[in-house]
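Please keep the sequence and the coordinates at hand while reading.

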Amino acid sequence: MLAATLAFSPSFPASAAQNASGSAAQPVQEESVPQPFSGPRTQGAVVCCSGNTGLIVNIPVGWVNDDKVAKKLGLPAVLYPKGGNFNTAHAIIYPRVDGRNKGLDIEKAADLLIEETARRYRALPGGSGVKTSKGKDAVNAHGLRFAVRVIEDGPPANKSEYVAYVSTPAGVFIVVMSSTDPLRNIQYMHHFERILDEAELIDVAN
């Protein structure tokens, strides 16, 4: 169960997220790290944006987008199965974008960013044994290639994570599935894979 104080830790620098005391921290202000925001919406989807580029993320059938929590965490969306809430969901899916590695080879970017996440998780209670591994990469019908990495034995709220990265000139778009139990990620893997399969880059300037 995710702690009622929003102790779940998204896989980006802590200064961009809600802290464990429940008070909202300020978003990262560096110009080189554009903050994701809720962009144009399509039916049943959210758009994660960086500059004029957006990544469409379809909301799985039977899941909800918690706009209130997403806003607190500085994310474009926080998705979890209907019938629960952020504090009781055993698994969540969220997109984000990292603008520091524009155009970098996706394998290099994925390795760099997953190790950054692992270092941060190792500093959290219960996260000292964090391990990372390479998952099964995916190329979808729109030609997007996702490099997938896996977090295992993370802190309690992020025990297991699958993280997919796609590199663009606007930055590295990231889709994360995080759970309190590795079996939950297996249970919901088909939703994660479908999101990657249907993801599409769009020009949000038009």
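In this predicted model, strands β9 and β10 run antiparallel and are joined by nine bridges. The two strands form a hairpin, with two residues between them.

**Strands around β10**
- Nine of the nine residues of β10 are buried, so the strand is largely enclosed by the rest of the structure.

**Nonpolar cores**
- The largest nonpolar core comprises 25 residues, and those with the most contacts inside it are Val78, Phe86, Ile92, Tyr165, Val172 and Ile174.
- At least two residues of this core come from each of α1 (67-73), β5 (91-98), α2 (106-122), β8 (145-152), β9 (160-168) and β10 (171-179), while α2 gives the most, with seven residues.
- Leaving aside neighbours within four places in sequence, tyrosine 165 is in contact with Ile106, Ala110, Leu113, Ile114, Arg145, Phe146, Ala147, Arg149, Val172, Phe173 and Ile174.
- Another core, of 24 residues, lies apart from the largest one, and among its members are Val57, Val97, Phe146 and Met189.
- In soluble globular proteins, nonpolar side chains tend to be buried together.

**Helix α4**
- In helix α4 (residues 189-198), the buried residues are Met189, His191, Phe192, Ile195 and Leu196.
- Seen down the axis of α4, these buried residues fall within an arc of 165°, so they line one face of the helix.
- An α-helix has 3.6 residues a turn, so residues three or four places apart point the same way.

**Aromatic pair**
- The count of aromatic pairs comes to one, formed by tryptophan 63 and tyrosine 188 in an edge-to-face arrangement, at 5.3 Å centre to centre and with 85° between the planes.
- This pair links distant parts of the chain, since tryptophan 63 is in strand β3 (residues 63-65) and tyrosine 188 is in the loop between α3 (182-187) and α4, 125 residues apart.
- Because buried means under 20% relative accessible area, tryptophan 63 counts as buried at 5% relative accessibility, and tyrosine 188 is likewise buried, with a relative accessible area of 14%.

Notes. Residues are numbered from 1 along each chain as its sequence is written. This is a predicted model: local features need pLDDT of at least 70, side-chain atom pairs count only at pLDDT 80 or more; totals for chains, interfaces and linings use all residues. Side-chain values use heavy atoms; hydrogens and water are left out. Buried means under 20% relative accessible area, exposed over 50%, partly exposed in between (1.4 Å probe, protein chains only). Helices (H or I, at least four residues) and strands (E, at least two) are DSSP runs, numbered from the N terminus. The arc is that of the directions from the helix axis to the C-beta atoms. A nonpolar core is a set of buried Ala, Val, Leu, Ile, Met, Phe, Trp, Tyr and Cys residues joined through side-chain atoms within 4.5 Å. Contact means heavy atoms within 4.5 Å. Rings of Phe, Tyr and Trp (its six-membered ring) pair if their centres lie within 6.5 Å; planes under 30 degrees apart count as stacked, over 60 as edge-to-face and the rest as tilted. Two strands pair if DSSP finds at least two bridges between them.
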